[in-house]
Amino acid sequence: MIDYDPNNALKVIFSLRGSSLVRVKFHILATFLMACLVVLLHEFHVIGVKDSQGNFICPRPCSYYNYTLGGWDESTCTINDPPAAFGCGIEINSKIYALLGTAMSLLLVFRSNLSYNRFWEARAHMGNVALYCRNFARHCVFFVDGDDRETDALRKDLIRQIQLFFHVVRLHVRELDEPEWVSKDRHVKYLADAEEVEDLMYRQRRPLVVLGFITKKLNTLLMSKKINQFTYSNMDDCLTQLVSAFNGLDKIVKTPFPFPYAQLIYVLIVLFCYTAPWMLIQMYEWATPFVSIIVTGALFGINAIGLEVEGPFGKDPNDLPVDKMCDAVTADCNMYLSQMIKRGEHDVFGDAGRVRAVQKLDLKAAPSVYDAKSAATAVCATKSSGGSQHEKVEDEWMNDSAKLL
């Protein structure tokens with residue numbers, strides 16, 4: 001996606017990177033050459049010449065163009081030479097183009113609105129993927145109990161796999177579905193182990209497969225009582241929201257702009273732009289080529305904008321910054337890992353075990369006041385050799401919170 005200064009008009013006007021005019025340069029050049037040909041034919045009276053009765057006539061085969069007279073000279077013709085033929089020229093009524101332009105404008109507006117809505121819907125779904133990946137990683141770091149190697153390995157695996165999910169989504173929205181892309185993509189190759197790569201390689205809708213990996217480990221944490229039911233529900237809700245966001249992205253990728261509309265738009269634009277010089281020559285004469293390129297650039301350019309923004313997951317300058325979003329989520333997950341409080345005698349996570357003992361909050365004393373400072377004072381952590389005390393204290397806190405609500 002291009003970052004630009006909207007207040008710098010000159011830089012915006014003359015910027016070629018991301019411009020729709022660059023994409024339609026061949027149509028602009030073709031209509032310019034067509035208009036130049038029409039001007040030459042009109043200038044040399046090959047077309048557009050009328051006789052005394054107002055009929056379009058063609059130059060006689062025996063005549064030649066006299067540059068001094070600025071017309072065809074028939075002085076060398078004899079009575080036996082064939083007469084001038086009719087039909088070299090046609091007077092096009094501009095009202096036809098007015099009607100054609102109205103229908104074409106409605107279709108272009110329809111395409112632009114639909115493409116613009118698809119673009120921002122895609123951005124919303126990608127934002128939701130990033131949001132719930134960050135939330136899930138935060139839960140893994142701060143709400144999973146246990147300081148043993150097995151728990152640490154599960155915690156890091158979950159954070160690794162949630163990053164893997166985002167990168168597999170990136171491959172899916174760019175329709176890189178071939179099996180070799182799983183092992184070829186450097187991010188997926190780095191994040192996934194050999195068993196996961198083999199499992200993902202020939203699967204359809206690979207992001208859902210990665211969520212399956214995560215769900216298995218999440219169930220392991222629940223069964224081993226490393227997380228309570230409330231934390232499990234929150235983390236599972238993050239996964240549910242990721243499935244919802246993936247469905248929205250998949251809908252955009254797999255549902256193209258309706259073909260009949262696309263076909264009719266192309267037919268009308270081509271007819272309008274490539275035949276317009278024959279109508280414009282009657283009004284603008286030698287200036288017809290310049291008027292033609294303005295019309296072509298406007299109509300083909302608007303259509304090109306719709307084509308570009310309706311598929312916003314590629315690597316074009318105006319597409320969504322999917323790669324940067326993936327990098328940002330990876331950096332945030334690593335940031336959460338770095339925020340894990342170091343173990344020590346007076347730290348939250350003691351050497352005897354990663355246990356958060358939550359003191360009972362006196363919510364009834366000040367039910368309307370609950371800020372970060374009071375929460376930090378009320379919630380503290382102490383050492384414990386097991387998880388039973390932690391569960392008992394946390395259950396009491398949950399019961400008091402439910403009564404207050």
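Which residues form a nonpolar patch on the surface, and how much accessible area do they have together?

**Figure 1. A nonpolar surface patch that includes Ile13 of helix H1.** In this predicted model, the patch is formed by Leu10, Ile13 and Phe14, which together have about 390 Å² of accessible area. Ile13 is found in helix H1, which covers residues 9-13, and this residue counts as exposed, its relative accessibility being 60%, a value that can be read against the cut-off of over 50% for that class.

**Figure 2. Overview of the predicted chain.** The chain has 15 helices and two strands, and buried residues account for 38% of its 405 residues. Of the contacts between residues at least 6 apart in sequence, 71% join residues that are at least 24 apart. The chain exposes about 23600 Å², and 60% of this area is supplied by carbon and sulfur atoms.

**Figure 3. The aromatic pair of Phe32 and Phe290.** A pair of aromatic rings is described by the distance of the centres and the angle of the planes. The chain has a count of eight aromatic pairs. In the pair shown here, the ring centres of Phe32 and Phe290 are 6.2 Å apart and the planes stand at 65 degrees, so the arrangement is edge-to-face, the cut-off for that class being over 60 degrees.

Figure 4. Phe110 and Phe257 form a tilted aromatic pair, with 6.1 Å from centre to centre and 50 degrees between the planes. Phe110 lies in helix H4 (residues 94-142), whereas Phe257 lies in the loop between helix H10 (229-254) and helix H11 (259-284), so the pair ties together parts of the chain that are 147 residues apart in sequence. Phe110 counts as partly exposed, at 34% relative accessibility, while Phe257 is buried, with a relative accessible area of 8%.

**Figure 5. Lys184 over the ring of Trp181.** The view shows a second example of a charged residue placed over an aromatic face: Lys184 lies over the face of Trp181, at 4.8 Å from the ring centre.

**Figure 6. Arg205 and Lys225, two residues with positive phi.** Most residues other than glycine have a negative phi. Arg205, although not a glycine, has a positive phi of about 50 degrees, and this residue is found in the loop between helix H8 (194-201) and helix H9 (206-223). With a relative accessibility of 47%, Arg205 counts as partly exposed. Lys225, which is not a glycine either, has a positive phi of about 60 degrees and is found in the loop between H9 and H10. At 58% relative accessibility, Lys225 counts as exposed.

Methods. Residues are numbered from 1 along each chain as its sequence is written. This is a predicted model: local features need pLDDT of at least 70, side-chain atom pairs count only at pLDDT 80 or more; totals for chains, interfaces and linings use all residues. Side-chain values use heavy atoms; hydrogens and water are left out. Helices (H or I, at least four residues) and strands (E, at least two) are DSSP runs, numbered from the N terminus. Buried means under 20% relative accessible area, exposed over 50%, partly exposed in between (1.4 Å probe, protein chains only). Contact means heavy atoms within 4.5 Å. Accessible areas come from the Shrake-Rupley method with a 1.4 Å probe; for residues, only the protein chains shown count as cover. Rings of Phe, Tyr and Trp (its six-membered ring) pair if their centres lie within 6.5 Å; planes under 30 degrees apart count as stacked, over 60 as edge-to-face and the rest as tilted. A charge sits over a ring if NZ of Lys or CZ of Arg is within 6 Å of the ring centre and within 35 degrees of the ring normal. Patches are made of residues with over 30% relative accessible area and no salt bridge: like charges are joined within 9 Å, nonpolar side chains (Val, Leu, Ile, Met, Phe, Trp, Tyr) within 5 Å. A salt bridge is a side-chain nitrogen of Lys or Arg within 4 Å of a carboxyl oxygen of Asp or Glu.
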